[in-house]
Amino acid sequence: MCLGIPGEIVELLPDRADLATVEVAGVRRAISVGLLDGPVRPGDWVLVHVGFAMSRIDESEAAATLALLNGLGPAYADELQALAESDIT
Amino acid sequence: MTTERTAGWAERAVREAGGPAGTATREEEVLLRIERARGRRARVREERITLAHGAGGSASHTLVEAVFVDAFRNPILEPLGDGAVLEVGGGRLAFSTDSFVVFPLFFPGGDIGDLAVNGTVNDLAVCGARPLYLSAGFILEEGFPVADLRRIAGSMAAAAARAGVHVVTGDTKVVERGKADGCYVTTAGVGVLERETELTPSAIRPGDAVIVSGPIGEHGVTIMISRGELDIEADLASDTAPLNGVVAALLDAVPGVRVLRDATRGGVATVLNELARAARLGIVLEESAVPVRSVVNGACELLGIDPLYVACEGRFVAVVDGEQAGRALEALRGHPLGAEAAVVGRVRAEAPGLVLLDTAFGGTRIVDMLVGDPLPRIC
Amino acid sequence: MRFVDEYRDARTARALAARIAELCEPGRRYTFMEVCGGHTHTIYKHGVEDHLPPNVNLVHGPGCPVCVIPMGRVDDAIAIAREPDVIMTSFGDMMRVPGGEGSFLDAKAAGADIRMVYSPLDALRIARQNPGRRVVFMAIGFETTAPSTAMTVLRAAAEGLANFSVFCNHVMIIPAIKAILDSPDLRLDGFIGPGHVSTVIGCRPYAFIAEEHGKPLVCCGFEPLDVLQSIHMLLRQLAEGRAEVENQYTRVVPWEGNGRALEAIGKVMELRPYFEWRGLGFISHSALRLRDAYAAHDAERIFQVPGVRVADPKACQCGEVLKGVLKPWECKVFGTACTPETPIGTCMVSSEGACAAYYNFGRFTRSRAKEATTA
């Protein structure tokens, strides 16, 4: 029920201002964009839940989260490994 | 809200299960208790058939065991393989049947006719047999267009030619409008077993490799999309195909094939659960090794279903001696229908009867028998 | 899949797991509750717990809107579905939820026209295509889903679709969290907070949890790395002696929520004085119903519903599982009388229910799993 999936707007539907076609990994479906503020454009990424776009995906925030995760991640893993491999005795 | 009631069925269910258990102090006690409960004899609790009984999952299995095996009891039936192996006149035959109720009848990649021929051919092939002859029974609804019937028959002829089999007998019945949905087809087939090897779950050993012949879930998702109810579009076609050629290629190259199953209703997960239970061994799958097309993944994520449970109609699962896995892959990949074959898991002695999945994330979880029916009438 | 696959990376997970272990005080036990059923599902599906040190314990919360539907309401919906001209439409997860005398699936087998839909807009389309039938949408969900139902009702009203109505069972997350906080049996150190509900209500409504109860809450995304990162953020707060509301799911959740969505809810729906939650009892101002202005699309007013309360079976311990007081395997009927095939309680039926998640994904001894994390 919490199921929300990120999808890319690929087409606005001409006869209905509140509908757009969203694509998720090659699967396309018409959804409502009526809950979003401001104009919606092809190329925008949105969170889709039961046929409605609930929120825009903020690409810079997504990148920031990933950077944080990766910062906490592999770089640290490399450090741990280096520590394990070093031997000062 | 005024008066209050109790749910009688629930009280009964608890009584029949032997009452509420004593408090468990350890998780292991509970897990043991559950395995005992699961091992008990199958009983159908419902009074009426529900769609879950047709899904190929746990309800289907319970129905088959509690109603049909119970009625027909005999040693040839009981292994409940994809086909029956018969000793006739000094030789061995495989015999199988399948019914097709797919909706819609025509879909990208094929139609009910293709499924009807390929389905039975494949059941025979995975028994290790060379499929030879098919029967075809039709139940037609009054008002069904003859042009559509010709189209279906044409597909069946083409599919039979491709598989190298002949439709040699059949039957047709017509029922009043509303008493069937267009056209239902049942095929039965015989094939000859020319190899000595017995393909059976009891041949499975710890260390064996689990192989799938190609990307999973394409048929089920194609049908779901073709129904039009979910308003989804995608570039996808059913994977329906006759597998006897690629199976023969595998059996010719690899003596250590333990068992084969085609992954139809209930998908790869269901097949593996059946094998794990029958062999009383554990199976561990590697999530990142399972081939799935991204569009199938996308549709499944969108709808909240797991591709491991989605039906295929042109893919099979092979369990082979671990040391021969490389040879098996080579043999499969040399055939167009096995080009994307992959080792997806291993058999082990631990956790017998359970299928576990090592997730791409680095965790582990169970892949259990399918419950309910995410996609009715897909084949 | 973009914005999904990146958040499932195992290497990042292992490193993040090391950072989490580092933040834990030795000998101290940490208990966090994930409120949303969606998080429970993610945790089990990907095996997130395999990356956690043994002294971090996750407890499953009541944020599963299917799980909290009382049997009496299922009976009411089935009563509507049994009307000969009715087409009942519902999300897939409702199909097997047991009522006093069976589920939607059983009612369908007995002849009721009950159809699965992915969106309330699909139900609206069915109404348009079947002018001679009355189409009812079984509306369930927290504030995540309520705006979609509201928008659909507005659309139905605008099009004058008189044959479309909604049987409204929308519930609200804050009263559920309050019920947890008020429960004397539970000792929690913090919350893995709702993700998609927060896209609608924003992060402010959770302030009282930090300010009045002194517990940190982190609004969390639904990919497994999101969950690990949120746990890291919770542990960091505890280590620094803070109790705040933080947002981990910044790529989707706006701090202020979605104004349009809240407006849609406010326009079409109002608070019920009280509503029964399975396992949690009657909670005041915790659920929504359609306003008088939309009575023409309110199934509760159009149809006669029995409105009979069905008591939970004596052996059912869903309430304690929903509150996180009991682990699924500690319930006395777990796995024996109550299984996913034969569910007694809703925790076992919904794909997001704690019991279903544990039974379907987690039900095995963990000795092997411990091997995996050290590999």
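**Ground rules.** I number residues from 1 along each chain as its sequence is written, with chains lettered from A and ligands numbered from 1 in the order in which they are written. Since the model is predicted, local features need pLDDT of at least 70 and side-chain atom pairs count only at pLDDT 80 or more, while totals for chains, interfaces and linings use all residues; side-chain values use heavy atoms, with hydrogens and water left out.

**Entry 1: the sheet.** I looked up the strand order and found an open, mixed sheet of 5 strands in chain B, running β2-β3-β8-β6-β7. Helices (H or I, at least four residues) and strands (E, at least two) are DSSP runs, numbered from the N terminus. Two strands pair if DSSP finds at least two bridges between them. At the edges I noted β2 (84–88) and β7 (166–175) of chain B, each pairing on one side only. From one strand to the next, the twist averages 20 degrees.

**Entry 2: inside the sheet.** I followed β6 (residues 130–141) and β8 (residues 183–192) of chain B, which pair antiparallel over 10 bridges. Here Phe138(B) has Val185(B) in β8(B) as its bridge partner. Helix α5 (residues 146–163) of chain B packs on the sheet and touches β6 and β8 of chain B (contact means heavy atoms within 4.5 Å). The helix direction makes about 170 degrees with that of β6(B); axes are lines fitted to C-alpha atoms, for helices over the stretch in contact, and angles run from 0 to 180 degrees between N-to-C directions.

**Entry 3: salt bridges.** For burial I used under 20% relative accessible area as buried, over 50% as exposed, and partly exposed in between (1.4 Å probe, protein chains only).

- Glu350(B) meets Arg348(B) at 3.3 Å, N to O. Glu350(B) is partly exposed at 46%, and Arg348(B) is buried at 14%.
- Arg309(C) meets Glu276(C) at 2.8 Å, N to O. This pair links distant parts of the chain, 33 residues apart: strand β14 (residues 309–311) and strand β11 (residues 274–277) of chain C. I read 22% for Arg309(C), partly exposed, and 9% for Glu276(C), buried.
- Asp292(C) meets Arg301(C) at 2.7 Å, N to O. Asp292(C) is exposed at 57%, whereas Arg301(C) is partly exposed at 40%.

**Entry 4: a network.** I also found Arg16(A), Asp18(A), Arg128(C), Arg155(C) and Glu159(C) joined into one network by salt bridges that share partners.

Technical notes:
Salt bridge = Lys/Arg side-chain N within 4 Å of Asp/Glu carboxyl O.
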